[in-house]
Amino acid sequence: AKPRPQIVAPIILSSQSTKMYKRIRQQFHLLSRTRVGYRQRLDSIRPFTSSSPDLDPWKIAIVGSGPSGCYTAKYLNSTLESPQIDVLDRLPTPYGLVRSGVAPDHPEVKNVENDFDNLFEGKDDGQNLNFYGNVKVGTDISLKELREIYDVVVLAYGCESDKPFDFINNSKLEGILSAREFVSWYNGHVDYEWVGPLVEKALKRSSDGSQQVVVIGHGNVALDCARILAKTREELDPTDIASRALNIIDEGNDNADFKREVSVIGRRGHVQGAFTIKELRELTRLDDANFVVRADELDMGRTEASEQEIKNARPRKRMDKLLTDAAASTLENDSQKKAEVHLRFLLNPVGFESEDGSSLSHVTCERTRLVGDAGSQSAEGTGEMETIKAQLALVSIGYKGVAIPGTEEWYDDKRGVLTNTNGLIEGSKENLGGLYVSGWLKRGPSGIIGTNIADAKDTVASILQAVKSSSVDPKKGSKSVYETLKDKGLNPVDWVAYRRIDAEERNPIRKRSELQPREKITSLEEQLKVAFSN
């Protein structure tokens, strides 16, 4: 095929091109209101490809198949004319945190998978979109090799690590995990089988049948962990929580003396919590668990600045009322319930303690007070200490992106992101395609799944601006990534192979109940065996 000639403005638009240009505007209307100068960037975009069969399609690789990768693929596919888009993932299964991060009792959030399925199935103009799982970029194929094959490479593999919490003394004790590790385990992620024995051992450590868990952090992930630990088997059975986790979490629950206390602690007040009211409400509606809030901690957090924050934000006002009502009803809690979730405020964890020298027994916290102006209050230590009993601690202070081989020069270790300008890392150079980033790896771990829509559109706009003025190097695209991987003796999992895994997980024989959506395959070896079976 012939290389595309470079197209330069001005361009006379045909009626078909005019429709395409309008579609671009429609796709990006959200960002035009949310990013300074974005409208000017959008105005520079014009149709830039030809429908001539003599010209190569644009070849684009997206590394990562989570929400940011899928949304990037969606908007590239809807704005470029017949692009060839390959989405690569290191796992045999797509969708990233939708599959392994969203709480199993939030199926309405996981429904976005149906939209992504349609994208790969070709029902959403995705006929030129491929999925290749079980491909480790940086190991199986280098980033440089990808850039030699593709015109554009977008890195969208998210955050695969945690913000360090070694500032808390004795953080290496047995029984201490990050919330990300715990969530990945109960969601059936193939890399986290090792978490099960540690959780089981920790929960069995108490001699009197009671269990104490401390969750550090005041975000939605922290509340997810607490809620899953406080729910009954009957509540979790209809979800897609992995049975390997459910069996351990529920173990001992039928004993008469069983009691589980989960304390969720954070160094600031309730007004500054990063959780949403939806997650808070869920803690008030658990079948066999009390929700405990201390009125004195709410009062301590109602500084003049906090009152101003409540006044300025309606969601804060609603959360303040919900927590105030919960504190007032604490005395009415049912003592026969087998679990309690304590939402604690103004406590800063300063040390993990051990009675036997190796495993966690307590978490030591310092009481804090709020200082500063509304919107920028910080927690200041008071010197008053409190010790909370715990056999298991889950630290939920944030995820962190990592650098894969080939990205080190752009990696910001402090923020855990790749340095970029509106998604652009480095433009095309010599025989290398342009390098871009999308999602958490671009902006940091913030927002909900839908936040990735605007973020992806921003990156796509940067790609479109670069693509419209570029010509294709004939060296790129001479061999597909699939052929390259096969030549290396590797076996990528394509969409058809993934669908075998999907079908097996939905097999009624595997499921523990009729209402369970799927029983995830939690072994990489088994996933690959199913994927390549005929």
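**Figure 1. The largest nonpolar core of the predicted model comprises 50 residues.** Trp-185 and Leu-343 have the most contacts inside this core. Helix H11 (residues 220–230) gives the most to the core, with seven residues. A nonpolar core is a set of buried Ala, Val, Leu, Ile, Met, Phe, Trp, Tyr and Cys residues joined through side-chain atoms within 4.5 Å; buried means under 20% relative accessible area (1.4 Å probe, protein chains only). Apart from it lies another core, of 36 residues, including Leu-76, Phe-120, Val-152 and Ile-501. The model is predicted: local features need pLDDT of at least 70 and side-chain atom pairs pLDDT 80 or more, while totals for chains, interfaces and linings use all residues. Residues are numbered from 1 along each chain, and side-chain values use heavy atoms, without hydrogens and water.

**Figure 2. Helices H9 (residues 179–186) and H10 (residues 195–203) cross at roughly 105°.** Their axes, lines fitted to C-alpha atoms over the stretch in contact, with angles from 0 to 180 degrees between N-to-C directions, come within 10 Å. H9 is therefore roughly perpendicular to H10, a class spanning 65 to 115 degrees. Glu-181, Phe-182 and Trp-185 of H9 meet Val-195, Gly-196 and Val-199 of H10, contact being heavy atoms within 4.5 Å.

**Figure 3. The buried residues of H10 are Val-195, Gly-196, Val-199, Ala-202 and Leu-203.** Because they cover an arc of only 135° around the axis, they lie on the same side of H10; the arc is taken from the directions from the helix axis to the C-beta atoms. Their packing partners include H9, helix H13 (243–250) and strand E7 (210–216); helices (H or I, at least four residues) and strands (E, at least two) are DSSP runs, numbered from the N terminus.

Terms used: Parallel < 35°, antiparallel > 145°, perpendicular 65-115°, else oblique.
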